[in-house]
Amino acid sequence: MTASSRSRQRSAARLAAVQALYQRHMEKTALAKLLDEFHQHRLGQEIEEDQYEDAEVDFFDDVVSGVAARQDEIDEKLTEKLAEGWTLARLDKTMLQILRCGAYELMARADVPKATAISEYVDVAHAFFDEREAKFVNGILDAVAKDVRD
């Protein structure tokens with residue numbers, strides 16, 4: 001596998017992780033069932049004539065499972081970085097999952113360079129939001145990175 005192929009698969013895994021965690025948040029889907037559903041029906045599959053990108057499955061599993069396992073710790077770190085008077089509950093539900101995934105990578109995936117983790121989730125934000133929200137993701141994740149990375 002080439003480096004660019006692996007990079008594309010990781011990007012697809014990140015987007016899928018945000019979608020999976022959004023679904024878990026909205027539908028309260030059990031983690032094992034959620035992972036299985038994405039493995040069987042989403043990652044690398046064609047749905048309604050949309051071809052889903054091949055994703056690095058182990059990376060997807062780690063991000064989704066890691067966010068689920070460390071959600072309280074992640075949410076506490078994110079809350080510290082929000083402007084005074086803001087809470088995670090006020091954030092758009094998709095935005096919240098983007099921030100959780102990015103914070104998880106910064107906190108737990110030392111193998112992923114800080115700049116890569118931040119820019120990848122800024123790119124995910126662009127898939128759902130305008131530039132203003134993408135800059136918000138950049139600012140929050142950069143602040144998290146300053147706390148958890150050297």
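R14 touches F59, E105, V112, T116, E120, Y121 and V124 when residues up to four places away in sequence are not counted, a contact being defined by heavy atoms within 4.5 Å. The model is predicted, so local features need pLDDT of at least 70 and side-chain atom pairs count only at pLDDT 80 or more, while totals for chains, interfaces and linings use all residues. Residues are numbered from 1 along each chain as its sequence is written, and side-chain values use heavy atoms, with hydrogens and water left out.

R14 itself lies in helix α1, which spans residues 3-27; helices (H or I, at least four residues) and strands (E, at least two) are DSSP runs numbered from the N terminus. With a relative accessible area of 3%, R14 is buried, where buried stands for under 20% relative accessible area, exposed for over 50%, and partly exposed for what lies in between (1.4 Å probe, protein chains only). The side chain of R14 also makes a polar contact with the side chain of E105, at 2.8 Å. Such a contact is a pair of N or O atoms within 3.5 Å; within protein, one atom must be able to donate a hydrogen and the other to accept it, and residues adjacent in sequence count only if both atoms are side-chain atoms.

Y104 is part of helix α5, residues 93-108, and it counts as buried because its relative accessibility is 6%. Leaving aside residues up to four places away in sequence, Y104 touches D62, V63, G66, V67, R70, I74 and R109. Of these partners, D62 is 42 residues away from Y104 in sequence, with a C-alpha to C-alpha distance of 9.7 Å, and the side chains of Y104 and D62 make a polar contact at 3.0 Å.

The structure holds two aromatic pairs, as tabulated here. Rings of Phe, Tyr and Trp (its six-membered ring) pair if their centres lie within 6.5 Å, and planes under 30 degrees apart count as stacked, over 60 as edge-to-face and the rest as tilted.

| Pair | Centre to centre | Angle between planes | Class |
|---|---|---|---|
| F38 and F60 | 5.6 Å | 25° | stacked |
| F128 and F129 | 6.4 Å | 55° | tilted |

F38 lies in helix α2 (residues 31-41) and F60 in helix α3 (residues 57-69), so their pair ties together parts that are 22 residues apart in sequence. Both F38 and F60 are buried. In the other pair, F128 is partly exposed, with a relative accessible area of 38%, whereas F129 is buried at 18%.

A further ring interaction involves W86, since the charged end of R90 sits over its ring at 3.7 Å from the centre; the criterion is that NZ of Lys or CZ of Arg is within 6 Å of the ring centre and within 35 degrees of the ring normal.

For the protein as a whole, the secondary structure comes to seven helices and two strands, and from the N terminus on the elements run α-α-β-β-α-α-α-α-α. The radius of gyration is 15 Å, close to the 15 Å that the globule rule gives for 150 residues, so the protein is as compact as a globular protein of that length; this radius is taken over C-alpha atoms, and the rule is 2.2 Å times the number of residues to the power 0.38. Buried residues make up 43% of the 150 residues, and residues 24 or more positions apart account for 70% of the contacts with a separation of 6 or more.
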